[in-house]
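Notebook open, model loaded. I'm jotting down what I look up as I go, one stop at a time.

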Amino acid sequence: MTEFLDLETQDAVRMPWNVLPGTKHEAAQCIIPISAIYTPLKPLPKTTPLLPYSPLRCRNCRSILNPFSIVDFSTKIWICSFCLHRNHFPHHYQSITEDNLPAELFPQYTTIEYELHNEKPSPPITSQVFLFVVDTCIIEEEIGFLRSGLARAIGQIPGNSLVGLITFGSKEISKDQVLEQMGFFQKKARPATGSGPGTRDGHLQDNVSRFLLPASECEFAVNSVLDELQKDSWPVPGDQRAARCTGTALTVAAHLLGACVPGCGARIMAFLGGPSSEGPGCIVSKSLSEPIRSHKDLDKDSAPFYHKAVKLYEGLSKQLVHQGHVLDVFACALDQVGVAELKIAVERTGGLVVLAESFGHSVFKDSLVRVFQSTDNDLGLSSNGMFEITCSKDVKIQGVLGPCASLEKKGPLCADTTVGQGGTTAWKMCGLDKSTSLCLIFDITKKEIPDVAGQAVNNQFYFQFLTYYQNSNGQMRLRATTLSRRWVTGQGSIQDLTAGFDQEAAVVVMARQVSFKMETEAEFDPIRWLDKSLIHLCSHFGDYQKDNPSSFVLSPRLSIIPQFIFNLRRSQFVQVFNNSPDETAYFRMVMNREDVANSVVMIQPSLITYAFNCGAEPALLDVASIAPDRILLLDSYFTVVVFHGSTIAQWRKAGYQNEPEHEAFAQLLRAPISDAEAIVNERFPVPRFVICDQHGSQARFLLAKLNPSATYHSDAPLVPGGDILFTDDNTIQLNLQFCDLVAAMQGFCSPSNSRSGGILSCHFILYISYSTTFMSIAFLAR
């Protein structure tokens, strides 16, 4: 695993297969697609220089000069590693020699950054723009919390950033009426239907100063408006919801930014306190007798407002992407607010999303402050991004899963099948930060197996990722990452593929895949898909003896993947029971934009134990880890839990930690709190921080994540002072046993597997059915 982390440190890339299959058939047998998790703005090593000139491009394929290019120093020619085109060096490269190389040819600088001056035009306004859209259809207490949070955040905005404020309530009018009242069409004719005013329509930029002002000039005025902010005065009957017109407010905000700062890095920051119930984008009727849509309603297609709202926000996302603007959503309410419908607009613009119970909750308050922080732990917000991919001729691009929007730049590198944002080699990234990560899915197109000589001469696939972006200082940058991966084929390739397998990256790719399929495929069964994928993977790469399923073993390189899949099956990304559509959309949006390390914590939480006789040690994610004299620290990304065993809790309540002779106990109590605070301070969105005791009500945050090795119907005796889970779920041990058995049996039944000896000539479909109390295995003849 260490070598994969080193590669990520250098190039911000994690790939499930770091040795690639050489043909299309062998790639299909690998089950997990040829893919990469790429974090474009991950901080580079301090030794990496910033090049103050534009990159040198291949005249044929437009790729950039990189360490894998072949250089002829005598003739001053370089050969492109992607298309093998011969390019002449320009005049200012004439002094190049083997001992005098430019930085982009240094072997250690496979990722390099350029400062662009002429290649990409700078936007007319280089400062950041923040437009706050505030919901006032909330109770007075929530208004106070929101007012306090906004005032705290505005005080941290850089002085040269432009700031605007829109408040909305329950009086719904059309966007055209609002734009008319704003005076956009006093000097110019109204633009054609479907377009908003802006510089492209001939409107002048004097609109900017009317609605957006530098933070240094308007901080007092904005704070004065916030101090006077009141609950929406429109009367609401007791049996009805507030008539909240969220869709209209966001549409007006998008048109306002399109009129004032088109093409500039601007963010709409929406603060929502309840569901939209009036006008375009409403998700529920005003009557409280009608519940908000649930997962069951969406599955049965019985949510009457859902598809209309999604269609509105899809159109809004296209407009924002065209303008280069971002939509951030801060949803704080006990009820749903419509995050599931807003998901398409937030994801395609690269926006941030925070979901909390109240505007007074620390999750909201601390997350909002983190957005504007300017410390070492800042988010590194950037804008106006564009992402491009170039790769070898035998590799095609199926698509991207992550926060981006297709630019529909078609070409020979586009695969026939698409995944996510596919059918293109370029994507728009309106907003991105240090942790924004994309999942790139590739397809191997080579069908024939090359001879040994050909494989020895040319056994590398090349990939180049180009990210254009505008940093927080308004400067345009280009980051270029060029990768080389060896491909293998034929006999003995399984050992090479296994040696380059990254289990963490693999489960993150599968998590993004299964989330995407659950949202786009009507009859998709995620549990069956995950189980079949795991069994096929184990049967292809596992080792076993003929007619002896108990001999089945996996290489250490694949030994953790069954455990990852078990926890993925139980995660909030797959199990929607007890989660609302808003919560599920929120979890998936955050996972789809985070890097491998953070995503793995979401899938399989980390558990650390603290005790007197030892320091902090990793513990099994199992109910057996609970002991009366231990403190457990659970990190599930969205929640950080400090769990005190029953004895520890009794001592704490007795106040022993306050007595000098029990200083060791006081230190034991402080250690997990300190570690938990360190996790909370560096994460976005800020997680919920829970301190609980064994047998307490909030212990559910820990128990829900543990492997149920001890339940109410277990035969094994209970560990003294331990705990049990009241569940009928299978344990990981049972799942692994059946996985080993079925993978080996499938290998025996497959005529294509040489190790099975071809003992059966018929084909089989393997189906595994899990229930709460048993696992049944059925072979259905085809």
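**Gln 604.** I started by asking what Gln 604 touches once its neighbours within four places in sequence are left aside. The list reads Gln 563, Phe 564, Asn 567 and Leu 621. With Asn 567 there is also a polar contact, side chain to side chain, at 2.9 Å. Gln 604 sits in the loop between helix 18 (596–603) and strand 24 (606–611). I checked its accessibility too: Gln 604 counts as buried because its relative accessibility is 15%, and the cut-off for buried is under 20%.

**What I'm looking at.** The average pLDDT of the chain is 86, and 86% of the residues score at least 70. Over residues 191–204 pLDDT stays under 50, and the model has 25 contacts beyond four places in sequence for them. Residues 748–782 also stay under 50, with 69 contacts beyond four places in sequence. Where pLDDT is low, the predicted coordinates should not be read in detail. I'm therefore not reading the coordinates in detail where pLDDT is low.

**Whole chain.** The chain has 782 residues, and 55% of them count as buried. Its accessible surface comes to about 33700 Å², with 52% of that belonging to carbon and sulfur atoms. For contacts with a separation of 6 or more, 73% are between residues 24 or more positions apart.

**Val 363.** Buried or exposed? Val 363 is buried, at a relative accessible area of 6%. Beyond four places in sequence, Val 363 touches Val 354, Leu 355 and Ala 356, and also Val 686, Pro 687 and Arg 688. I also looked up the C-alpha distance from Val 363 to Phe 684: 9.3 Å, for two residues 321 apart along the chain.

**Salt bridges.** The structure holds 26 of them. Side chains of opposite charge can pair when their charged atoms come close.

- Asp 135 with Arg 244: their side chains meet at 2.5 Å, N to O. Asp 135 is in strand 9 (residues 129–135) and Arg 244 in the loop between helix 6 (215–227) and helix 7 (246–260), so this pair ties together parts 109 residues apart in sequence. Asp 135 is buried at 0% relative accessibility, and Arg 244 is buried at 4%.
- Glu 388 with Lys 409: the side chains meet at 3.7 Å, N to O. Glu 388 belongs to strand 15 (residues 382–391), while Lys 409 is in the loop between strand 17 (405–406) and strand 18 (426–432), so the bridge ties together parts 21 residues apart in sequence. Glu 388 is buried at 15%, whereas Lys 409 is partly exposed at 42%.
- Asp 635 with Arg 683: the side chains meet at 2.6 Å, N to O. Asp 635 is in strand 26 (residues 631–635) and Arg 683 in the loop between helix 20 (663–681) and strand 28 (688–693), so the two tie together parts 48 residues apart in sequence. Asp 635 counts as buried at 6% relative accessibility, and Arg 683 counts as buried at 8%. I then looked for shared partners: Glu 8, Arg 14, Asp 502 and Glu 504 are joined by salt bridges into one network.

**Arg 57.** Next I looked up an arginine with a backbone partner. Which backbone oxygen does the side chain of Arg 57 reach? The oxygen belongs to Arg 62, at 2.7 Å. Arg 57 lies in the loop between strand 4 (50–51) and strand 5 (70–72). With 12% relative accessibility, Arg 57 counts as buried.

**Surface patch.** Phe 612, Trp 651 and Tyr 656 make a nonpolar surface patch of about 280 Å². I followed up on Tyr 656, which is in the loop between helix 19 (646–654) and helix 20. Tyr 656 counts as partly exposed because its relative accessibility is 32%, and that class runs between the cut-offs of 20% and 50%.

Conventions
Residues are numbered from 1 along each chain as its sequence is written. This is a predicted model: local features need pLDDT of at least 70, side-chain atom pairs count only at pLDDT 80 or more; totals for chains, interfaces and linings use all residues. Side-chain values use heavy atoms; hydrogens and water are left out. Helices (H or I, at least four residues) and strands (E, at least two) are DSSP runs, numbered from the N terminus. Buried means under 20% relative accessible area, exposed over 50%, partly exposed in between (1.4 Å probe, protein chains only). A polar contact is a pair of N or O atoms within 3.5 Å; within protein, one must be able to donate a hydrogen and the other to accept it, and residues adjacent in sequence count only if both atoms are side-chain atoms. A salt bridge is a side-chain nitrogen of Lys or Arg within 4 Å of a carboxyl oxygen of Asp or Glu. Patches are made of residues with over 30% relative accessible area and no salt bridge: like charges are joined within 9 Å, nonpolar side chains (Val, Leu, Ile, Met, Phe, Trp, Tyr) within 5 Å. Accessible areas come from the Shrake-Rupley method with a 1.4 Å probe; for residues, only the protein chains shown count as cover. pLDDT is the predictor's confidence in each residue, from 0 to 100. Contact means heavy atoms within 4.5 Å.
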